[in-house]
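Subject: Structure handover

Hi,

Here is the structure I promised to pass on. My notes follow below it.

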Amino acid sequence: MRYGYLAPLAAIAVVGCANTTTAEKPASTSSSSTAKAEKVSINENPYPSTYKPYPGQPTAIRNVTIFDGEGGQIDNGVVFFTDGKITAVGDANTPIPADIAVIDGRGKFVTPGIIDIHSHLGDYPSPGVSAHSDGNEATSPVTADVWAEHSVWPQDPGFSRALANGGVTSLQILPGSANLFGGRSVTLKNVPARTMQAMKFPGAPYGLKMACGENPKRVYGSRNQKPASRMGNLAVNRQTWARAAEYKARWDEYEKKGGTPPARDIGMDTLKAALEGKIQIHNHCYRADEMAIVIDMAKEFGYTVSTFHHAVESYKIADLLRENNICSAVWADWWGFKMESYDGIPENAAIIQNANACTIIHSDDQDQIQRLNQEAAKALGDGRRMGFNISDATAIRWLTYNPAKAMGIADQTGSLKPGKMADVVLWNANPLSVYARPEKVWVDGALLYDANDPKRRPVSDFELGQPGEGDTK
Amino acid sequence: MMKSLFSLSVAAAALLASPALAQTVAITGGKVVIGDGSAPIEGGTVVLRDGKVVAAGSGVAVPAGAQVVDASGRWVTPGLFAGFSRLGLVEVEAVNETNDSSASRGEFSAAIDVTPAINPKVSAVAVNRAAGITRAVVAPIAPAAIFAGMGAVIDLGDDYNAVTRARAFQFVELGETGSAKAGGSRASAFLEFRNALIEARALANGQRGVPAHPHDALLNRQDAAALVPVVNGEMRLLVHVERAADILNVLKLREEFPALKLVLAGVSEGWLVANQIAAAGVPVIASALNDLPSEFEKTAATQSNIGRMKRAGVTVSIGMINDNDAHRLHYSPQYAGNLVALQRVPGASGLTWDQAFAAISSGPAQALGVDAMLGSLKPGRAGDVVIWDGDPLELSSAPVAVMIDGVQQPLDNRQARLRDRYRTPQEGALPKAYER
């Protein structure tokens, strides 16, 4: 854990999606007063994705055990994808065209590409030198104006490790948790690229990173600044949401009646979009009592929380989280690194699942993102030992469909359903075993990792010419 | 011989209820792992007497009068040995009052003896005990100098007698961390190291009547005295180092200080100089899964590092160096399992299952020179035995019984109590505070 107990601090992100105002054409001041001024609008996508799927071959895998990502398991099944999309998933009788590449998956397993809802790759890249420390704009407790994507360094070698060792095909990069409103997150396809935009997941909604608890009050309290307490955290949060509501009202009024457009505020754009439901709220929060307060704050200001991140005490309020339809993105077994993580237990995920609340395993870590499957397996084992009946396929859902849903991309990826992106991992054994590794990983149907082909192993610019270049890592 | 007809846990409870020392226990029918790198033995028997292993393997007779624990369908192994930790030094890492791992504002360095800081009742001891860890190497964190002080080997028993071997080694930082402690360069760190050992040698000479060192001594007397057994080769020197060039420079220190008993820790780039490490006969306690250039000194890091060093003949085991080392030592079997997985990755180097298990049992004991008393189920070793519900390296497995020095240990801990209280999150007839 590179950041020590500060790692979770790195996990606060504020996401906003509507940030650029575009005056389509400034109205001429000389035109007659009857000429209608052109409406000013906010460009919601000023740094658009340029990602294009790489070419792939129509591919079928048969005789394979399939975890479909939505909790289903098919033994001796067939997965077939073409043109970057899943074409068919089914039992041994699923038809496969005669002229395509067929992989015999005997003894192997297929899952959707793994999705990490909580990563700082690119923002806190390797090597972790201070010149690379770009994940926390720790200069004010409210930095809703920063966007994690503007810090992403595509050459972080961590992306390739997550792909090759972890089968990770999509990930959300969040700002850190130093601030109450940390900034806007970005969702990436895990594809090596020259630019951030070329990794950007097309059409993925933005997220907004918020943080509860120790980190904001420590960072600012130690500077004799507000917030220095949990009640200070809430006070600043509420004041900020109140301002966001006013900002939104001004824009709504302008949309309806025209007149002089409101002054742009980049941070408020993000909060306005969050209030409009266009941006998902990802709230770093450890303690059960604090999560309950955030749930009320969200109701007070009319927004919804997508996911509590870290959420080491979700098990204490799993019923409340289910009632409010909020996901918990948790580690399998982190605890004890700070006071608010003291009550972390390895059965957390299983108790959340058993209460039928949304369960996600996340990493927040450049090492554990390489074995999210193993983290899920540990959590599953601990749940079964306490007598809960949780299937293997459900544990895989914690890493695929559930995070996709919480990130707003489940209509495109996160499960093996016809028409979805062919983000697929072929494992050489059950991915819930410590002895399993990805054998092949496809992103949008393009083979981007193949354990049997050193040429299908990405090597970042940073690693070129260094000892160990191109090694199995 | 009283044959237990009860389930294992009942038998375990019975064991606990009776005085465990001065009695003979036979654990029968399990898949027995000796821990020395040999293959598991189906249907083996482990016999403990007076807290020590008497015999383990197939064809071992159950002594008359022995209490028998039926481990059929289970795995029986030596307790796991955490090859590097800060266990017992920390309750909550970020709560300074509960964190005794480092004295960054103190006056001493090499003279620090970690033992008074070890609290056998920190929550992490019970949690890791329940996960099958029975012994741990405990090293202090370096204060404002390259020398961290003297570490210990401890047991994780549920008592106040944690320290198996105090002052088991001196710990020193000679990579990036050492450079920073020495003012900002490795040259300065190595000079600080040489100077300290020269002063220690002078002090030792002075004690023997040889004229003492002249006036410019930098070390206080306690720190210099603590290094005397290091320079004399009576105490192991555990060196944290990652970069290949740094590793070679550390090995070279023996040209000037030939008695040094070196052990290397971390060693992420060890595979690049594996032959030299093997030739030097220096054991390594390595990070298992470092594969990122998280620091420049780990540029060549790969999960194949341990496998490649092993193949080159290095005595290598697994430690968690600066890696959740106060709370999550229970990652060590997972790490070992990952090294087994590498055997099936083309181009990678892993360990066999037998080697991997040895890397978290007898391996660290060997590196620390305590393998004649700890770390395996060979006769004469401490009766540290774990009975598992499955393959101990597999993610779904957990201990069903843990013995330390032949004493059955409780597997309860804070986490288990929280789990039981919140199995159903809703309150019942009374608030949760009444459920226990």
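Which residue of strand 12 of chain B is the bridge partner of V241(B)? It is G266(B).

Some ground rules before the rest. This is a predicted model: local features need pLDDT of at least 70, side-chain atom pairs count only at pLDDT 80 or more, and totals for chains, interfaces and linings use all residues. Residues are numbered from 1 along each chain as its sequence is written, while chains are lettered from A and ligands numbered from 1 in the order in which they are written.

**The sheet in chain B**

Strand 11 (residues 236-241) and strand 12 (residues 261-266) of chain B run parallel, joined by six bridges. Helices (H or I, at least four residues) and strands (E, at least two) are DSSP runs, numbered from the N terminus. The open sheet has eight strands, in the order 7-8-9-10-11-12-13-14 (chain B), with mixed pairing. Two strands pair if DSSP finds at least two bridges between them. Strand 7 (80-85) and strand 14 (316-318) of chain B are the edge strands, each pairing on one side only. From one strand to the next, the twist averages 25°.

Helix 5 (residues 221-231) of chain B packs on this sheet. It touches strand 9 (147-155), strand 10 (163-173) and strand 11 of chain B. Contact here means C-beta atoms, placed from the backbone, within 7 Å. The helix direction makes about 100° with that of strand 10 of chain B. Axes are lines fitted to C-alpha atoms, for helices over the stretch in contact, and angles run from 0 to 180 degrees between N-to-C directions.

**The domains of chain B**

Chain B is divided into domain 1 (2-78 + 390-419) and domain 2 (80-374); the bounds come from an automatic or database domain assignment. Their centres, taken over C-alpha atoms, are separated by 31 Å. The contact takes 22 residues from domain 1 of chain B and 25 residues from domain 2 of chain B. On the domain 1 side, strand 16 (399-404) and helix 12 (414-421) of chain B give two or more residues. Strand 16 of chain B gives the most there, with three residues.

**A helix pair in chain A**

The axes of helix 3 (residues 230-257) and helix 5 (residues 288-301) of chain A come within 11 Å and cross at roughly 20°. That makes the two helices of chain A roughly parallel (angles under 35 degrees). W241(A) of helix 3 and M297(A) of helix 5 are among the contact residues.

Best wishes

Note on methods: Parallel < 35°, antiparallel > 145°, perpendicular 65-115°, else oblique. Contact = placed C-beta atoms within 7 Å.
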